[in-house]
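My notes follow in the order in which I worked.

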Amino acid sequence: METRYNVMKKVRDLIAGERQLLAYTCVHGCAQNEADMENIRGMLREMGYGFTENPENADVIVVNTCAVREGAEFKIYGNVGSFKKIKEKNPDLVIVLCGCMMQQESVVEKIKHSYPYVDIVFGTFNIADFPLMLYKKLTGKKRVFEIMQEGKIIEGLPTLRENKFSASVSVMSGCNNFCSYCIVPYTRGRERSREFGAIINEIKDLAKEGYVEITLIGQNVNSYGKDLADKPTFSKLLRAVNEIEGIKRIRFVTSHPKDLSDELILAMAECENVCKQLHLPFQAGSNKILKLMNRKYTKEQYLALVEKIKAAIPDISLTTDVIVGFPGETTEDFEDTMDVLHKVKYDGVYSFIYSRRGGTPAAKMEDVISEEEKHKNLERLLEEQKEIGYQNNLKYMDNVYEVLVEGKSKSNDNMMSGRTESGKIIHFEGDESLIGKFVNIKITKIKTYYMVGERV
Ligand code: SAH
Ligand code: SF4
Ligand code: F3S
């Protein structure tokens, strides 16, 4: 069999010419999809493509899709629909769809029949075969649909990262939890962990290249290693990353409350480079709803866990995910969700209205309140959380924090934007030479979603 590198070289030779061909990439969904896209971009670069921010200039368009909520899917269909006109102007354009949506048979059927201008479709398990699919399309002209139902983690794919200072590193993928509302176990398959040594070597290489911040990613990082021969735990991994010279900030997403061990809390407390920040989705406050969701913890257990974490790491910054309007959730049940919010006082809450996903157990469960009531509940949550977040931020006033500078502020060209260890966004006056560096900032103004400060 031909190696992947040979195939990439064949594409490179095939597209070589006076003009460098350009790729436009677009990613929906979670950190996992973003990490996959970094591999896809790495392979595109290896095959000789340049990149453009404008799909109209592209020779190949790649969209990595997300299936977690219906809204995400609608957006993606709209996105793909907008490429039809571009393809009419440029019939040689290659349009590629990949990712979680493509693991659903009904979606693939729809693409086959209603989106004839889509050329290549693959799922989450065969990203590494993308060069071969592209080669087939470029030489054979036929549409290429290759979706697998399982696959191994493939090491050593080229990676084109977004920046030179902060990198995401996948540690595991897939999920065995089967929360009753969630499509991810169906689109990403069972949990598979990367070898301990491969992760550590990748991060050591990143440190040598000058990266200072690492985010370890996986659907449930706490399950890391359970499927490996010598069963290394996630806390062992965290401690090993903490020892890597040059890496100053270590973050990780996502943790399932049922799997967050005392060992991990201790590792977080003891490792000086592990950021005192934790994303800990609770989804709902009512025990009845948690049971229907198959989350395997109660509200009381979750709150006790949060207390334990706060006791071990007093300055911890917590964020969470909440689903509003799960089937069977009454407005009284929702009060339990609000109660958790007020007790924990999160720094950030990602909240969504429940979206029915075909094939999941919850899709057959019945609603007890109207869509209108669900939206009212969500609005109330957003409103009250805004105030909680603002109150949390007040303690930052007049203090000095180390900020890792990420880029220009989106709202003001003269301002730069960066993050504290706790993940707070800070705006301050500065220039682009500071990107990727640490600066000390004294906070002078508090807002809900960011703060303003000055260099000291
Ligand atoms: N593995 C992660 C989350 C993956 S999905 C975890 O367990 O925390 C990201 C978030 O999307 C979830 O936390 C949940 O809040 C939300 N989500 C998942 N399925 C959903 C659905 N059917 N409707 C609404 N929100 C959903
Ligand atoms: Fe989905 Fe639950 Fe797995 Fe998270 S833990 S990916 S919410 S099934
Ligand atoms: Fe979406 Fe797939 Fe992530 S469904 S949230 S992109 S794992």
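**Ligand 1 and its contacts**

I began with Asp321, where a polar side-chain atom lies 2.6 Å from an oxygen atom of ligand 1; I note at the outset that the model is a predicted one. I then turned to Gln283, whose side chain has an N or O atom 2.7 Å from an oxygen atom of ligand 1. For Ser355 I looked at the backbone instead, and there I found an N or O atom 2.8 Å from a nitrogen atom of ligand 1. How much of the accessible area of ligand 1 does the protein cover? I read 89% of the 540 Å² that ligand 1 has on its own.

Next I listed the shell around ligand 1, which holds 15 residues, the closest being Tyr181, Gln219, Gln283, Asp321 and Ser355. Strand 13 (317-324) and strand 14 (348-353) are the elements that each give two or more residues to this shell. By class I noted 7 nonpolar, 4 polar and 4 charged residues around ligand 1. Which domains supply at least three residues each to the shell around ligand 1? I wrote down domain 2 (163-275) and domain 3 (286-393).

**Ligand 3**

I moved on to ligand 3, around which I found Gly29, Cys30, Asn33, Cys66, Ala67, Val68, Cys100, Val184, Arg188 and Gln219. The shell of ligand 3 divides into 6 nonpolar residues, 3 polar ones and 1 charged one. Domain 1 (4-146) and domain 2 (163-275) each give at least three residues to the shell around ligand 3.

**The second largest pocket**

Last, I looked up the second largest pocket, in which about 940 Å³ of space lies. Its lining is made up of 38 residues, and those nearest the centre of the pocket are Asn39, Ile154, Leu157, Thr159 and Arg194. Helix 2 (31-46), strand 7 (166-170) and helix 8 (196-209) are the elements that each contribute two or more residues to the lining. When I sorted the lining of this pocket by class, I had 13 nonpolar, 11 polar and 14 charged residues.

Definitions and conventions: Residues numbered from 1 in each chain as written. Chains lettered and ligands numbered in written order. Predicted model: local features only at pLDDT ≥ 70, side-chain atom pairs only at ≥ 80, totals over all residues. Heavy atoms only, no water. 1 Å grid on protein atoms, 1.4 Å probe; cavity = no way out; pocket = protein on both sides within 12 Å on 5 of 7 lines; lining within 4 Å. Points joined across faces, edges and corners; volume = space filled by probe spheres on them. Helix = DSSP H or I, 4+ residues; strand = E, 2+ residues; numbered from the N terminus. Nonpolar A, V, L, I, M, F, W, Y, C, P; charged D, E, K, R; others polar. Near = heavy atom within 4 Å. Domains from an automatic or database assignment. Polar contact = N/O pair within 3.5 Å; in protein donor to acceptor, adjacent residues only side chain to side chain. Areas by Shrake-Rupley, 256 points an atom, 1.4 Å probe, with all protein chains shown as cover.
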